[in-house]
Amino acid sequence: MLRDALIALLKPVVEGLGVDLWELEYSPGRGNPLLRLYIDTANGVTLDDCERVSRAVSEVLDLTDPVPGHYTLEVSSPGLDRPLRTAAHFARYVGEQVSVELAKPVADRRRFKGTLVATGAESIEVDVDGRRHQLPIAEIRKAQLAPDV
């Protein structure tokens with residue numbers, strides 16, 4: 001997969017700048033494909049962080065040319081409603097409100113919004129209105145923080 005190859009190529013570059021590569025999205029789409037990197041630091045993300053990462057990533061992409069044709073590169077913060085994809089992402093936000101959509105139903109439902117109460121290597125546990133649901137990470141289609149703002 002191109003996404004996995006891009007993560008393997010770019011993660012060391014981004015982390016070498018003292019920044020975490022939170023997520024990478026590639027949307028080939030019609031017309032102008034988009035390569036979007038979400039970055040994070042313990043102190044949040046500044047415009048300078050985005051510019052530094054964008055320049056470094058652009059250099060690597062120009063040298064290795066892993067993405068076919070023309071595309072737009074975006075580098076930004078994952079935001080307050082950041083996507084959650086990996087066990088490490090979930091572990092960082094135990095106790096927070098999350099919104100989760102599954103590929104296959106669990107307990108006759110696919111969508112869960114509640115408090116993330118536990119996480120492991122294979123699953124997460126979400127409390128929805130006092131009822132706990134164990135959700136397999138491999139079956140999560142989409143998950144994100146759902147802060148009360």
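How do the residues of the lining of the second largest pocket divide into nonpolar, polar and charged? I looked this up and noted five nonpolar, two polar and six charged, where Ala, Val, Leu, Ile, Met, Phe, Trp, Tyr, Cys and Pro count as nonpolar, Asp, Glu, Lys and Arg as charged, and the others, Gly among them, as polar.

**Basis.** I am working with a predicted model, in which local features need pLDDT of at least 70 and side-chain atom pairs count only at pLDDT 80 or more, while totals for chains, interfaces and linings use all residues. I number residues from 1 along each chain as its sequence is written, and side-chain values use heavy atoms, with hydrogens and water left out.

**Second largest pocket.** I recorded about 260 Å³ of space here; a pocket is an open set of points on a 1 Å grid over the protein atoms alone, where a 1.4 Å probe fits, with protein on both sides within 12 Å along at least five of seven lines, and lining residues have an atom within 4 Å of a point. Grid points are joined across faces, edges and corners, and the volume is the space filled by probe spheres set on them. Of its 13 lining residues, I listed K11, L21, W22, T86 and H89 as the closest to the centre. At least two lining residues each come from α1 (2-16), β1 and α3 (87-92), and β1 has the largest share, with five; helices (H or I, at least four residues) and strands (E, at least two) are DSSP runs, numbered from the N terminus.

**Largest pocket.** I noted a volume of about 320 Å³, and of the 18 residues in the lining, E23, P83, R85, R141 and K142 are the closest to the centre. The elements that give two or more residues to this lining are β1 (20-27) and β8 (140-145), with β8 giving the most, five residues. The lining divides into nine nonpolar, one polar and eight charged residues.

**Sheet.** I then traced an open sheet of three strands in the order β1-β2-β3, with mixed pairing, where two strands pair if DSSP finds at least two bridges between them. Because β1 and β3 (72-76) stand at the edges with a single partner strand each, one side of each is left without a neighbour in the sheet. β2 (residues 34-40) and β3 pair in the parallel sense over five bridges, and L35 stands opposite L73 in β3.

**Helices on the sheet.** I found α1 packed on the sheet, touching β1 and β2, with its direction at about 145 degrees to that of β1; contact means heavy atoms within 4.5 Å. Axes are lines fitted to C-alpha atoms, for helices over the stretch in contact, and angles run from 0 to 180 degrees between N-to-C directions. Helix α2 (residues 47-64) also packs on the sheet, touching β2 and β3, and its direction makes about 145 degrees with that of β3.
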